[in-house]
Amino acid sequence: MSAPPKIHIENVCKSFGPKDVLTGIDLDVMQGESVVIIGGSGTGKSVLLKCILGILTADSGIIEVEGQDVNRLTANDRDDVNRKFGMLFQSAALFDSLPVWENVAFGLMQGRHMGRDEAKAKALETLGQVGLAKEVGELSPAELSGGMQKRVGLARAIAGSPEVVFFDEPTTGLDPIMADVINDLIITCVKDQGITALSITHDMASARKISDRIAMLHHGKLIWIGSAGDVDSSGNGFVDQFVNGRAEGPIKMELRR
């Protein structure tokens, strides 16, 4: 008997007024698997993540985490599920008023009520896992480069030993070398801790490197799902145009005139 998926998404729909954003999403993410969702800007990738996280509520469909339909849980039970999650935000989203170590330890102290000294020790240990010295913990986010901020964001995402981590455009705004450093850190952290990962990105170099499987979102549906190694020979014209960055193809840019 095969293991059940860590995350099960079935026929999920979400609209904002007359705008249909998700029109029937089906996806399973298995335990320890890294799945990347690709697609153009405004196609609904972030909306899907927010529905899984509970920031938005899907209009219809099923979202299950370890067999629990998260849309049917009480607030307390939903909090219990969310404690299994870590999140790396697109802009790192660090608190400017807090030193780096407190940013990393924020969820430990606020969500898990860990003591300040213990939380600091865990934060400094986790900073080391993403290649940052303990001294960085005393700096403010404003003193860090973009790449260092992203690594701090990754440290915060994994500090609580989550079962699932969501990556929102993890390499956006980084130069190619630093982007590859972040990709390597994601791979190392996910594999070393057995984390299940669900990422959204339009960076194909990142998608190819960090994923086991890739899914493409277009017009509210996942139009192709396959292994990372098959994305360049998908046989799907939409996928082929996107991964090769071609202006000509079935994907038409909507231009205002």
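I started with a charge and a ring: Lys 14 lies over the face of Phe 16, 5.3 Å from the ring centre. A reminder to myself that this is a predicted model.

Next I looked up aromatic pairs. I describe each by the distance of the centres and the angle of the planes. The count comes to two aromatic pairs. For Phe 85 and Phe 166, I find ring centres 5.0 Å apart and planes at 90 degrees, so I log this pair as edge-to-face. I then checked where the two sit: Phe 85 belongs to strand S6 (residues 85–88) and Phe 166 to strand S7 (residues 164–168), so the pair links distant parts of the chain, 81 residues apart. Both Phe 85 and Phe 166 are buried.

On to Phe 95 and Phe 106. Their ring centres are 4.8 Å apart with the planes at 40 degrees, so this pair goes down as tilted. Phe 95 is in the loop between S6 and helix H3 (100–110), while Phe 106 is in helix H3 itself, 11 residues apart. I noted relative accessibility too: Phe 95 has 34% and counts as partly exposed, and Phe 106, at 32%, also counts as partly exposed.

Last, the cysteines. How many disulfides are there? I get zero. I checked Cys 51: the closest cysteine sulfur, in Cys 13, is 10 Å from its own sulfur, which is too far for a bond, because a disulfide needs the sulfur atoms within 2.5 Å. Cys 51 is buried at 0% relative accessibility. Cys 189 has a relative accessible area of 6%, so I put it down as buried.

Methods
Residues are numbered from 1 along each chain as its sequence is written. This is a predicted model: local features need pLDDT of at least 70, side-chain atom pairs count only at pLDDT 80 or more; totals for chains, interfaces and linings use all residues. Side-chain values use heavy atoms; hydrogens and water are left out. Rings of Phe, Tyr and Trp (its six-membered ring) pair if their centres lie within 6.5 Å; planes under 30 degrees apart count as stacked, over 60 as edge-to-face and the rest as tilted. Helices (H or I, at least four residues) and strands (E, at least two) are DSSP runs, numbered from the N terminus. Buried means under 20% relative accessible area, exposed over 50%, partly exposed in between (1.4 Å probe, protein chains only). A charge sits over a ring if NZ of Lys or CZ of Arg is within 6 Å of the ring centre and within 35 degrees of the ring normal.
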